[in-house]
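Read the following with the model open beside the text.

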Amino acid sequence: MNSSDGQVGIQGRPARRGRPILHIFSPAVEFNGGIHDLVALTRRLRPHRRLVLWCLSTKMHPQIRRLLEPQVDEIRVCWPIPPIPGQDHVLFYMNEYAAYFDNAADALRETLSSAATVQIVINLMIGGVFRYHWLADNLSAVYFLNRDAQSQWGLLVRGTALAAVSTVIFPPPVELDEFLTVRRPDPGDRPVIGWFSGYVKLPPASEDFYRDLAERLPEAEFRFLPGPDELTGALADHPRFHFLEKYSLAPARFLSQVDVLCIPVRRDWPTMQGPRCLIEAMAAGVPAVMVDRDGPRDRIAHGQTGFATNDLAQMANYVVQLVDDVDLRRQFGLAARARARQWKVEHWVDALLKHSGG
């Protein structure tokens, strides 16, 4: 192995011959849940494609490298990326970095224009991708994580060549096996209300919201992974509020201790595409009470697997209802887990293969 910042570095095993080549472009700079999803995709794609992962930076996060090296045939750290051979395929896995196109459109046009097919996975934002109509020449599919994002794309590309490109909606490609086997807490234990998210901000009234919940539910505990800044200082001395450090507990372990997931979110916070934490919670059989907006509304079946509302007072009422009614909580949890079983990474793989030459 050899690699150096700003140079082409090749990692991984020698590639097996005979598989079509799929070049995956990803920033691979920030270690987050989207990287775990990329690992899930590459693990399943590799038997079908020779995978070349391009880090769209002059550096690659070392933890990301360790996760991805066993899943791909090569890792290359290089900018600018040379043109892709005409028989090869491209997957642009943008994670949170769709705006990257605005900064590198000219270089990417030269890189992508010769590829056999190009596919783009859009996560949190569309950015300026819709402006680059030249993508339509070999763009075979664009992937979204909820219907609102797909609709927004449709409006942005109306009347352009991009309007004819196939669009696909899937939940994030989350590995759910360990969550589907999580054992639920004993109904006789003290109920636990959990907050599990690393990339959202709570509303300004969150301290009052949680103090009110604690007063209405004197037997309940509140656990946060990680502890949100908005609450850790204000409620750190409260005996029933527990704030955990990020990565201090595996998500499946944390969710095995949670009876109700509750995540209020600031109204001005950017779109929530999964969110990943909700998918994992549902797979673990945890009923969720979340905001009613793009992302959660695509996952939660309101009144069946959890509740969705943008009203904090109503959110508190839903949490109290689930804590007080053990049978309803169990019913919602079972329905949530059954719904999560439908979200398979294999659906992503089937679509990605279909749109890159079959």
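In strand S1, Ile21, His23 and Phe25 point one way, Leu22, Ile24 and Ser26 point the other way, and all are buried. Buried here means under 20% relative accessible area, exposed means over 50%, and partly exposed lies in between (1.4 Å probe, protein chains only). In a regular strand the side chains alternate between the two faces of the sheet. S1 is mostly covered, with 6 of its 6 residues buried. Strands (E, at least two residues) and helices (H or I, at least four) are DSSP runs numbered from the N terminus. This is a predicted model, in which local features need pLDDT of at least 70 and side-chain atom pairs count only at pLDDT 80 or more, while totals for chains, interfaces and linings use all residues. Residues are numbered from 1 along each chain as its sequence is written, and side-chain values use heavy atoms, with hydrogens and water left out.

Two strands pair if DSSP finds at least two bridges between them. S1 pairs with S2 in the parallel sense over 6 bridges, and 4 bridges join S1 to S4, again running parallel. His23 has Val52 as its bridge partner in S2 and Val90 as its bridge partner in S4.

Helix H1 (residues 33-45) is mostly covered too, with 10 of its 13 residues buried. Among them are Ile35, Leu38, Leu41 and Leu45. What covers the buried residues of H1 includes S1 (21-26), S2 (50-55), S4 (89-93), and the helices H2 (62-68), H9 (276-283) and H13 (345-354); contact means heavy atoms within 4.5 Å.

S12 (residues 288-290) and S13 pair over 3 bridges in the parallel sense, and Met290 has Ala308 in S13 as its bridge partner.

Which residues of helix H6 (residues 206-216) are buried? They are Ser206, Phe209, Tyr210, Leu213 and Ala214. Seen down the axis of H6, these residues fall within an arc of 130°, so they line one face of the helix; the arc is that of the directions from the helix axis to the C-beta atoms. On the other side of H6, Asp208 and Glu215 are exposed. The buried residues of H6 pack against several elements, including strands S8 (192-196) and S9 (221-225) and helix H11 (312-324).

Aromatic rings come last. Rings of Phe, Tyr and Trp (its six-membered ring) pair if their centres lie within 6.5 Å; planes under 30 degrees apart count as stacked, over 60 as edge-to-face and the rest as tilted. By this rule the count comes to 17 aromatic pairs. Phe144 and Trp153 have ring centres 5.9 Å apart and planes at 50°, so the pair is tilted. Phe307 and Tyr318 are stacked, at 4.0 Å centre to centre with 5° between the planes. This pair links distant parts of the chain, with Phe307 in S13 and Tyr318 in H11, 11 residues apart. Phe307 and Tyr318 are both buried. One aromatic cluster includes Phe209 and Tyr210, together with Trp195, Phe222, Phe224, Phe241 and Phe243.
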